[in-house]
Amino acid sequence: MEPLTATRLQIRKKNSLKDCVAVAGPLGVTHFLILSKTETNIYFKLMRLPGGPTLTFRVNKYTLTRDVVSSLRRHRMHEQQFTHPPLLVLNSFGPLGMHVKLMATMFQNLFPSINVHKVNLNTIKRCLLINYNPDTQDLDFRHYSIKVVPVGASRGMKKLLQEKFPNMSRLQDISELLATGAGLSESEAEPDGEHNITELPQAIAGRGNMRAQQSAVRLTEIGPRMTLQLIKIQEGVGEGNVLFHSFVHKTEEELQAILAAKEEKLRLKAQRQDQQAQNVQRKQEQREAHRKKSLAGMKRARAEADGDSDAEDPGAPPEAERAGQQEEEDEAEYFRQAVGEEPDEDMFPKAQRRRSTRPPSKKQQLKQRRPDRGSDHRPPKAKGRPWGTQAKLGPRGAVQNYGRGRAQPPKRVA
């Protein structure tokens, strides 16, 4: 298939057929030729990209290129032959059915078309022959090298026209070589006839191949050989409806059922794609709304921090106020139980003050009592004294304090 092949394309084991199809477009690849092997047979698939169809052949017989070349006594294999695409020759592809016509079209599209009036014969170095046998429905795949030699000359003249000059050390005159062909073996002279002799429309590279001269076209097989049998034709690339099958034949009702199932599968796929598109759009809208809300909150917080906000603070909602009031009432109640007195008004401003329903304590009862006797009258406590301290007058009228925070006796001045 040289030179119109992607020789630099490397395939790994983890690559799938979809990966190859994805890179086929940028590389300009139009066909895939895939060989696969099972436990029983070898299969050859010919795919047209990007939309198909796919032809599946079974390889009944094959011979490698090295085996074909090693069996020849004189082979013709050199790199210059693969600088141009081969000449495709299709034989016996007549009006035998649509599958035969499709096979011929697929093989023709493998190689570039040739304009007979403008083609350069020096670019045709190889020939690819595909022969179809209508009886066995097999395809014979053959590959040849083309050689053009002049005719009408003696064996000695042909030897002189070759690139390698013959050995004439034993000859007295060159006329002996031209007249008798001395020193030449009989195997070098190949039989030519009307089947391969033609008049050249233009000069061809080679000694003696002139325009309007008789020359013989010789084919030398260079391999490989293959005998193929068409198994089936499918739509698409490797998957799709089966258009033709050599062994399985279905009725019209079965084909309609398969087509209906295929359409239902496509409908469900389109529905899933629409649903996914709607979900993606909805998530984008939610993300955009969240972003706008976040930006507005950040802007409001920045304005409040700078003191530049002219908007009035709506305050906390009623639920939050009731929750805060209830929390302060619980704290005030805990203070009453722990201390035994009512808290100050500024300690819990939201809590409601309530009157104590408990009976007065002993200290409160003592405060409420006011005796009339002067000897039993005790002086009032000094203001600012801590709770739990007792004041007592000393011998000179100084106040003595027992307990924490006792008053110091007055200093004596000398």
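Trainee: Which helix holds E333 and R336, and how many residues apart are they?

Mentor: They sit 3 residues apart in helix 7 (residues 318-339), which is about one helical turn. Helices here are DSSP runs of H or I with at least four residues, strands are runs of E with at least two, and the numbering starts at the N terminus. Before going on, keep in mind that this is a predicted model, where local features need pLDDT of at least 70 and side-chain atom pairs count only at pLDDT 80 or more, while totals for chains, interfaces and linings use all residues. Residues are numbered from 1 along each chain as its sequence is written, and side-chain values use heavy atoms, with hydrogens and water left out.

Back to your pair: E333 and R336 form a salt bridge, with the closest N and O atoms 3.2 Å apart. A salt bridge means a side-chain nitrogen of Lys or Arg within 4 Å of a carboxyl oxygen of Asp or Glu. E333 is partly exposed at 25% relative accessibility, whereas R336 is buried at 10%. Those words have cut-offs: buried is under 20% relative accessible area, exposed is over 50%, and partly exposed is in between (1.4 Å probe, protein chains only).

The structure has 4 salt bridges. Another of them joins R291 and E288, at 2.5 Å from N to O. These two are also 3 residues apart, about one turn, in helix 6 (residues 252-306). R291 is partly exposed at 43%, and E288 is partly exposed at 33%. E221 pairs with R225, N to O 2.6 Å at the closest; here E221 is buried at 12% and R225 is partly exposed at 32%.

Now for a helix with a clear inside. In helix 3 (residues 98-108), the buried residues are H99, V100, M103, A104, M106 and F107. They span an arc of only 160 degrees around the axis, so they are on the same side of the helix; the arc is taken from the directions from the helix axis to the C-beta atoms. M98 and K101, on the other side of helix 3, are exposed.

What does that buried side join? In general, nonpolar side chains of soluble globular proteins tend to be buried together. The largest nonpolar core has 22 residues, and those touching the most other members are L46, L55, F57, F93, M103, F107 and L139. Helix 3 gives the largest share of this core, 5 residues. A nonpolar core is a set of buried Ala, Val, Leu, Ile, Met, Phe, Trp, Tyr and Cys residues joined through side-chain atoms within 4.5 Å.

One last thing, on cysteines: C20 is buried at 15% and C127 is buried at 8%. The disulfide count is 0, where a disulfide is a pair of cysteine sulfur atoms within 2.5 Å.
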